[in-house]
Amino acid sequence: MSSNLPISQSDITAPTPQNTPLTQAPIALGLSRPTVPDISEDSEPTETDVQGRLADLVGKSSGYIESLPVEVKKSIEALKGVQVKQNELQNQFRRECLELEKKYLELQKPLYERRLAIISGAAKATQEEIDAGTQASQKDNEEYTPIPADAPGEPAPIPEFWLTALRNHVGLSELITERDAAALKHLTDIRLSYLPSDQPKPGFKITFHFSPNEYFENEILEKTYLYQEEVGYSGDFVYDRAIGTEIKWKEDKDLTKEFEIKKQRNKSRL
């Protein structure tokens with residue numbers, strides 16, 4: 001939640017609203033290895049080690065191209081020129097895909113509003129919505145037992161919905177501690193938005209809405225992910241950086257710090 005954190009995953013695919021980075025581990029950050037390794041299993045190179053070594057080789061010449069005849073070098077430069085045009089088309093393609101994503105996000109906004117209303121209890125779920133959900137549950141699980149149509153009680157708010165959702169997310173569940181959970185109980189909504197098309201760099205923003213709580217003053221926390229202006233050789237947007245809201249922690253409630261409680265003995269004099 002802190003600001004200006006460069007975040008990468010083990011691959012170089014740019015983060016997207018469907019694939020948001022979770023860790024701070026640049027691909028070039030390889031662990032140093034001992035100069036004389038032993039033969040135990042613990043000393044086997046890890047994936048991070050290999051990636052770090054490969055990343056160090058990026059951009060370094062092997063000397064092969066320099067050894068080629070001038071005529072061949074000209075052809076190689078021509079291939080680079082063709083690649084430039086291909087990159088321009090790929091960049092246009094990705095930006096048009098981004099605009100398409102924006103279009104459908106706008107179409108889904110009423111559904112997100114409806115989701116918020118049902119979760120918070122601001123509006124009751126309709127029987128049509130309940131029936132549609134029941135059909136989806138039966139499709140996913142043949143042994144699912146539907147709620148009887150004449151079951152007593154009205155649809156009620158869903159307590160700690162977002163905390164439960166995050167704890168059941170395969171990429172987030174192991175990152176959430178009990179201390180985090182105490183604050184995340186107050187998370188009431190999560191929204192996605194894209195940066196305006198007139199911005200120099202494309203990207204998207206994730207907005208977290210919180211009810212009043214004992215941990216921080218902010219009602220809204222935001223995390224913005226920026227891409228570089230041009231796509232990479234893989235044809236995808238290249239991740240640039242992330243910018244987060246500064247959290248206004250209440251006194252002694254900063255969850256990013258450990259507080260040591262010291263007990264002072266009462267000393268009595270004779």
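In which helix is Lys102 found? Lys102 is found in helix α2, and the views below start from the whole chain and return to that residue. The model is predicted, with local features needing pLDDT of at least 70 and side-chain atom pairs counting only at pLDDT 80 or more, while totals for chains, interfaces and linings use all residues. Residues are numbered from 1 along each chain as its sequence is written, and side-chain values use heavy atoms, leaving out hydrogens and water.

**View 1. The whole protein.**
The protein has 5 helices and 4 strands. Helices (H or I, at least four residues) and strands (E, at least two) are DSSP runs, numbered from the N terminus. Along the sequence the pattern reads α-α-α-α-α-β-β-β-β. Of the 270 residues, 21% are buried. Buried means under 20% relative accessible area, exposed means over 50%, and partly exposed lies in between (1.4 Å probe, protein chains only). The protein exposes about 20,400 Å², and carbon and sulfur atoms supply 54% of that area. Areas come from the Shrake-Rupley method with a 1.4 Å probe; for residues, only the protein chains shown count as cover. Take the contacts between residues at least 6 apart in sequence: 51% of them join residues at least 24 apart. A contact means heavy atoms within 4.5 Å.

**View 2. The largest nonpolar core.**
This core holds 27 residues. A nonpolar core is a set of buried Ala, Val, Leu, Ile, Met, Phe, Trp, Tyr and Cys residues joined through side-chain atoms within 4.5 Å. Leu184, Leu187 and Phe216 have the most contacts inside the core. Elements that each supply at least two of its residues include α2 (70-120), α4 (161-167), β1 (187-194) and β3 (220-231). The largest share, 4 residues, comes from β3. In soluble globular proteins, nonpolar side chains tend to be buried together.

**View 3. Around Leu187.**
Which residues does Leu187 contact, leaving aside its neighbours within four places in sequence? They are Trp162, Leu166, Phe208, His209 and Phe210.

The whole structure contains 6 aromatic pairs. Rings of Phe, Tyr and Trp (its six-membered ring) pair if their centres lie within 6.5 Å; planes under 30 degrees apart count as stacked, over 60 as edge-to-face and the rest as tilted. The ring centres of Phe204 and Tyr227 are 6.3 Å apart and the planes meet at 55°, so this pair is tilted. Phe204 sits in strand β2 and Tyr227 in strand β3, 23 residues apart. Both residues are buried. Tyr227 and Phe237 have ring centres 4.7 Å apart and planes at 5°, so they are stacked. Phe237 lies in strand β4 and Tyr227 in β3, so their pair ties together parts 10 residues apart in sequence. Phe204, Tyr225, Tyr227 and Phe237 form one aromatic cluster.

**View 4. A lysine over a ring.**
Lys253 lies over the face of Tyr215, 5.6 Å from the ring centre. A charge sits over a ring if NZ of Lys or CZ of Arg is within 6 Å of the ring centre and within 35 degrees of the ring normal.

Asn91 is found in helix α2. Why does Asn91 count as buried? Its relative accessibility is 10%. Not counting residues up to four places away in sequence, Asn91 touches Glu229, Glu230 and Val231. Lys102 counts as buried at 15% relative accessibility. Leaving aside neighbours within four places in sequence, Lys102 contacts Tyr194, Leu195, Pro196 and Ser197.
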